[in-house]
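Open the model in your viewer and keep the sequence panel beside it.

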Amino acid sequence: MQIYFCGSIRGGRQDVDIYQRIVRKLQKYGKVLTEHVGHSDLSEEGEDAAVTGDQQIHERDMEWLSSTDVIVADVTQPSLGVGYELGRAVAMKKRIFCLFRPSSGRRLSAMIRGAHDGDLFQVRDYREEEVEAQLEEYFNALGSVRVPEDHL
């Protein structure tokens, strides 16, 4: 299974420790195409766009997004990039699992919370200490869903 993880990069790296925990847990379920989002050495500057270029990053990420089986996004830290990725994933009819931490003091955008449909797009509130359990519950439920062979 190929997994695309979304978390804030240029929008702020306050949650990088949680992203690392999420990526480690996701690696138990498949290949995480965007594991770099959890790297602590990745700053708000993002990847070295001066070397690869923003367009190259966009094209690569859109290729990964189109080839993935499931998208997991931590939507606690507001991020234009994460919102864009989720919108594109919805248009591709991808399975999406969003995690939001109310203890952050933020309110989740109605565009994200309101997209919850119980099937392809799920939004779940979590406490930091239970993030791994939330992922386990989601992926255990997904276990009965058939993944196309070309995505294995």
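Two strands pair if DSSP finds at least two bridges between them. Helices (H or I, at least four residues) and strands (E, at least two) are DSSP runs, numbered from the N terminus. The model is predicted: local features need pLDDT of at least 70 and side-chain atom pairs count only at pLDDT 80 or more, while totals for chains, interfaces and linings use all residues. Residues are numbered from 1 along each chain as its sequence is written, and side-chain values use heavy atoms, with hydrogens and water left out.

**Stop 1: strand β3**

Select residues 70–74, which form β3. Five of the five residues in this strand are buried (under 20% relative accessible area, with a 1.4 Å probe and protein chains only; exposed is over 50%, partly exposed in between). In a regular strand the side chains alternate between the two faces of the sheet. Here Val70, Val72 and Asp74 lie on one side, Ile71 and Ala73 on the other, and both faces are covered.

Strand β1, residues 2–6, pairs with β3 in the parallel sense over four bridges. Look for cysteine 6, whose bridge partner in β3 is alanine 73. Next select residues 95–100, strand β4, which runs parallel to β3 and is joined to it by five bridges. Arginine 95 of β4 stands opposite valine 70.

**Stop 2: helices α3 and α4**

Two packed helices are described by the angle between their axes and the distance between the axes. Select residues 54–67 (α3) and 80–91 (α4): they pack at about 40°, with axes 11 Å apart. Axes are lines fitted to C-alpha atoms, for helices over the stretch in contact, and angles run from 0 to 180 degrees between N-to-C directions. Which residues of α3 and α4 make the contact (heavy atoms within 4.5 Å)? Show His58, Asp61, Met62 and Leu65 of α3 with Tyr84, Glu85, Arg88 and Ala89 of α4.

**Stop 3: helices α1 and α6**

Move to α1 (residues 16–26) and α6 (residues 131–142), whose axes come within 10 Å and cross at roughly 35°. From α1, the contact uses Arg21, Ile22, Lys25 and Leu26; from α6, Val131, Glu132, Leu135, Glu136 and Phe139.

**Stop 4: lysine 93**

Finish in the loop between α4 and β4, where lysine 93 lies. Its phi is near 60°, a positive value in a residue other than glycine. Is lysine 93 buried or exposed? Lysine 93 is exposed, with a relative accessible area of 65%.

How values were computed
Contact means heavy atoms within 4.5 Å.
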